[in-house]
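Thanks for coming. I will take a few minutes to walk through one structure, starting with a helix, then a sheet, and then the chain as a whole.

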Amino acid sequence: MGYFGWYDPTYVLVIIGVIICLIASANVNSTFSRYSRVRSASGMTGAEVAARILSMQGLNNVRIEHIDGNLTDHFDLSTNTVRLSDSVYGAQSIAAAGVAAHECGHAIQYARGYVPLNIRTALVPVANFGSAISWPLIVIGLILGAGYQTMHGTVAGALIIAGIWCFAAAVLFQIVTLPVEFNASRRALKELEKDSLLTGHENGMARRVLTAAALTYVAGALSAILQLLRIILITRDDR
């Protein structure tokens with residue numbers, strides 16, 4: 001209400017974040033679609049590429065499973081399983097090889113005790129809790145602060161600050177995710193080249209796919225930072 005009637009200028013930060021994420025999403029979808037139509041010279045499917053990389057790394061205890069959906073590929077630490085989507089598991093494309101290798105990169109990180117991955121894993125419950133509780137704390141704090149002063153105002157301020165810290169934990173998770181994703185892609189490209197799973201020219205195509213995918217995480221982190229900035233702006237005492 002204090003922001004020029006019903007208008008809240010901090011929504012500009014939200015809009016900027018949404019635009020960044022939409023651009024990144026459109027870029028990864030178009031890049032993946034483009035190279036999904038390019039068959040690799042080896043003719044290996046995504047599942048076969050993953051199996052070869054894991055075998056070369058001595059990770060025969062890592063399972064490879066098919067999962068429904070498009071670009072739902074991930075590595076499940078709890079079951080030590082690489083899960084590949086419809087467009088990757090049985091596909092013989094450059095894009096499929098790149099994505100499969102990327103998920104194997106996470107499996108290698110886990111097996112080698114990659115520190116940023118361990119930190120991100122430890123932050124998962126904290127980030128989930130922070131995301132769920134941050135806004136309720138902030139809203140309750142703002143409501144209390146609007147109607148009461150002194151002791152109630154202090155409680156309101158404490159709730160708001162707690163909410164901001166909870167949201168900051170979720171933002172930290174997004175930031176820690178960045179080195180994990182970029183490192184997995186570097187490992188993927190190294191394995192693809194080392195075992196000649198893709199040719200030099202094909203590796204360049206796979207690199208474009210993985211770079212586009214990594215940029216979605218960058219966009220997510222930037223969006224989260226902008227949202228945190230917005231929360232700070234709308235809860236400051238002199239708003």
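One definition before the details: a residue is called buried here when its relative accessible area is under 20%. Also keep in mind that this is a predicted model.

Let me begin with helix α2, which covers residues 46-56. Which of its residues are buried? They are G46, A47, V49, A50, I53 and L54. Looking down the axis of α2, these buried residues fall within an arc of 160°, so they line one face of the helix. Just after α2 comes G58, which has a positive phi of about 75°.

Next, the sheet. It is open, it has 3 strands in the order β1-β3-β2, and its pairing is mixed. The strands at the edges are β1, residues 63-66, and β2, residues 74-76, and each of them pairs on one side only. From one strand to the next, the twist averages 25°.

Now look at β1 and β3 together. Strand β3 is residues 81-84, it runs parallel to β1, and 4 bridges join the two. Within this pair, E65 stands opposite R83 of β3.

What packs on the sheet? Helix α2 does, touching β1 and β3. The direction of α2 makes about 170° with that of β1. Helix α4, residues 94-112, also packs on the sheet, and α4 touches β2 and β3. The direction of α4 makes about 30° with that of β2.

Helix α1 is residues 11-36 and helix α7 is residues 200-235. How do their axes cross? They come within 9 Å and cross at roughly 170°. An angle over 145 degrees counts as roughly antiparallel, and α1 and α7 are therefore roughly antiparallel to each other. Sorted by class, the contact between α1 and α7 has 19 nonpolar, 8 polar and 2 charged residues.

Finally, the chain as a whole. The protein chain has 7 helices and 3 strands. In sequence order the pattern is α-α-β-β-β-α-α-α-α-α. Along the principal axes, the C-alpha atoms fill a box of roughly 70 × 35 × 25 Å. Of the 239 residues in the protein chain, 43% are buried. Taking contacts between residues at least 6 apart in sequence, 72% join residues at least 24 apart.

That is the end of the walk-through.

Technical notes. Residues are numbered from 1 along each chain as its sequence is written. This is a predicted model: local features need pLDDT of at least 70, side-chain atom pairs count only at pLDDT 80 or more; totals for chains, interfaces and linings use all residues. Side-chain values use heavy atoms; hydrogens and water are left out. Buried means under 20% relative accessible area, exposed over 50%, partly exposed in between (1.4 Å probe, protein chains only). The arc is that of the directions from the helix axis to the C-beta atoms. Two strands pair if DSSP finds at least two bridges between them. Axes are lines fitted to C-alpha atoms, for helices over the stretch in contact, and angles run from 0 to 180 degrees between N-to-C directions. Contact means heavy atoms within 4.5 Å. Angles under 35 degrees count as roughly parallel, over 145 as roughly antiparallel, 65 to 115 as roughly perpendicular and the rest as oblique. Ala, Val, Leu, Ile, Met, Phe, Trp, Tyr, Cys and Pro count as nonpolar, Asp, Glu, Lys and Arg as charged, and the others, Gly among them, as polar.
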